[in-house]
Amino acid sequence: MRRWNGWGDEATEYPVPPGAARLLEQRLGPGAATAPAPLSAVLAAVPRSRLPAHALIDASPEIRVRHARGQSLPDWVATRSGRLGVIPDAVALPNAREDVRTLLDYGARTGARLIPYGGGTSVVGHVNPLGGEAPVLTVSLARINGLRRFDEVSELASFGAGIAGPDLEAQLRARGFTLGHFPQSFEFSTLGGWIATRSSGQQSLGYGRIERLFAGGRVEAPAGTLDLPSFPASAAGPDLREIVLGCEGRLGIITEATVRVSPLPERERFYAVFLPTFDDGVAAVRELVQARLPLSMLRLSTAVETETTLRLAGHERLIQALEGVLSLRGAGAEKCMLLLGFTGRKPVVTVARKDAIGIALAHRGVRVGGAVVGKQWQRSRFRVPYLRNALWEAGYAVDTLETATRWSRVPKLVQALEAALEGGLAPLGERVHAFTHLSHFYPDGASLYTTYLFRLAADPDETLDRWRTLKAAASAAIVAHRATISHHHGVGLDNAPWLAAEKGVLGMQVLRDVWARFDPAGMMNPGKLL
Ligand SMILES: Cc1cc2nc3c(=O)[nH]c(=O)nc-3n(C[C@H](O)[C@H](O)[C@H](O)COP(=O)(O)OP(=O)(O)OC[C@H]3O[C@@H](n4cnc5c(N)ncnc54)[C@H](O)[C@@H]3O)c2cc1C
């Protein structure tokens, strides 16, 4: 059973290793656990639904609570404290496109606001109902989840948009193919959600972001049906897929998507190389990316992230030994871990690996323990988010933010972001542990992904205030450095205040006009993105 107030399956635990607990206590001070609100108490307080009964909707308290929030930090504060605020009046579970049309008509008749819901893994408030007079119907795509068509010759597969990562990959694997889209939320996030948020998987360098993988599909909007036929390329005017990508549920419900798939790779390997400083690391990854080597993944951690990652790995003696040897070879206290992924045909993997590791070594890289560290990363790539449960229980909040900028601005932006976070709670006498990695790469720049931890306050509202202060400081730094407010999480509620700085007045108006054409009454996921 999935946790209703945390991450993942209830059967999976990831306790904080003792070395990591010591590091946090050193950096932040001791955490104080807060007791979570029991589900029974939250269910007892659920108000009556304002929606009339319908065969496709379920207004029972538990399903409404389980679809009330996503995975943002405010969502965690709400579910852990039991102070959920607004919850949907009902949840619909359509089985087919025709049901979706019925629900759009029902929404128009009842004045309901509709929130499309994929896996509920949004980290920026995308699926949260907002207050107001209108009742809210959350529409879960969980049952629209099958493989519809598979064109092996063209390497195209069409799925119901509610299919979650593991099911989608299982269907493709059975036919010798993969989508290659592996966000860290893979276990629960869905194809429709990836498209609606412009998601990027961990191996985007090789397979591409969802924009490259999304070839076409179908959207049911209040104003009608938008069919997007798939072409290898087209010059027939502006590409309407761009309106659907990143729509965040505002223009309608994606019911079907056709994606570009790849044959399963013959070989896949991940390795780590340690660079003596972050500057060496940035120079190495830029050269690797601009050399256009066929890599499937790169991830460069700052020194603080490297230290934190090694503590989180547990195995204290082994890590101490590894650090001793790395230090002797020139990768000491400031060392930065670079992970490299190679995926594809065996000869391509062999050549790419030789070239890429050669470039990293030329930037003073040290590859001691690289294969073991790479394997360890591969094993725990979807398990790490489970740590958030244990950290919260130990009294620490964890949140992440992400952006992207051109190469010439990367080093300054990393510094500015971390400084904004680290000093953000100083007036309260609280410290913040912040660290960054670069993880999605382009010839002209990279995405920055910053994780920050701070202590939970005894009062959930105060924890939320701490988060608001940090979020505002970090977002101001992003805007000041002319970087994007989101590289792959999307806008939702939490990034919305900073969107206009990037799109401009006319740009925002165009988006509003487009939404209004699809959804004249403004019933789709209001308040998000714009
Ligand atoms: C632990 C963790 C790790 C993560 N790692 C990554 C990562 O590596 N890369 C990344 O890109 N993101 C990541 N995310 C963010 C999140 O997983 C993505 O935004 C994901 O694409 C959301 O998919 P979902 O199916 O859960 O959508 P939801 O959270 O259910 O919805 C997100 C938005 O999409 C809309 N939507 C969903 N389905 C549809 C549909 N069928 N039609 C129309 N609108 C729809 C919703 O209305 C909402 O606005 C992570 C999140 C967590 C919690």
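Predicted model: local features only at pLDDT ≥ 70, side-chain atom pairs only at ≥ 80, totals over all residues.

Trainee: Is R482 buried or exposed?

Mentor: Residues count as exposed when their relative accessible area is over 50%. The relative accessible area of R482 is 62%, and therefore this residue is exposed.

Trainee: What is the phi of R482?

Mentor: R482 is a residue other than glycine, and its phi is positive. The loop between α14 (346-362) and α15 (370-380) holds R364, which also is not glycine and has a positive phi, near 70°. For R482, the value is near 55°.

Trainee: Let us turn to E305. Is E305 buried or exposed?

Mentor: E305 belongs to helix α12, residues 303-312. The cut-off for a buried residue is under 20% relative accessible area. E305 has 2%, so this residue is buried.

Trainee: With which side chains does the side chain of E305 make a polar contact of 2.8 Å?

Mentor: Leaving aside neighbours within four places in sequence, E305 is in contact with R299, F435, T436 and H437. From this list, H437 joins its side chain to that of E305 by a polar contact of 2.8 Å. A polar contact of 2.8 Å is also made with the side chain of S301. The side chains asked for are those of H437 and S301.

Trainee: Which residue's side chain is joined to that of Q202 by a polar contact?

Mentor: Q202 is found in the loop between α7 (191-197) and α8 (204-207). Its relative accessibility is 13%, so Q202 counts as buried. Beyond four places in sequence, its contacts include F182, W377, R381 and H440. The polar contact, of 2.8 Å, joins the side chain of Q202 to that of R381.

Trainee: Now to helix α5. How far does α5 reach from its first C-alpha to its last?

Mentor: Helix α5 covers residues 97-110, which makes 14 residues. At 1.5 Å a residue, the expected span is 20 Å. The helix comes close to that expectation, reaching 20 Å.

Trainee: Within what arc do the buried residues of α5 fall?

Mentor: The buried residues of α5 are D99, V100, L103, L104, Y106 and G107. Seen down the helix axis, they line one face, because they fall within an arc of 160°.

Trainee: Which exposed residues does the face of α5 turned away from its buried side carry?

Mentor: The buried side is covered by elements including β1 (57-58), β3 (113-117) and β8 (214-221). The face turned away from that side carries the exposed residues E98, A108 and R109.

Trainee: Which residues touch the most other members of the largest nonpolar core?

Mentor: In soluble globular proteins, nonpolar side chains tend to be buried together. The largest nonpolar core here has 98 residues, and α14 gives the most to this core, with six residues. Not counting residues up to four places away in sequence, one of its members, L191, touches F159, A161, I163, L168, I210, A257 and V259. The residues that touch the most other members are L191 and L438.

Trainee: How many residues are in the other core that lies apart from it?

Mentor: This other core includes I57, A112, L137 and L141 among its members. Its number of residues is 18.

How values were computed:
Residues numbered from 1 in each chain as written. Heavy atoms only, no water. Helix = DSSP H or I, 4+ residues; strand = E, 2+ residues; numbered from the N terminus. Buried < 20%, exposed > 50% of the residue type's maximum accessible area, 1.4 Å probe, protein only. Polar contact = N/O pair within 3.5 Å; in protein donor to acceptor, adjacent residues only side chain to side chain. Contact = heavy atoms within 4.5 Å. Expected span 1.5 Å × (residues − 1). Arc of directions from axis to C-beta. Core = buried A, V, L, I, M, F, W, Y, C linked by side-chain atoms within 4.5 Å.
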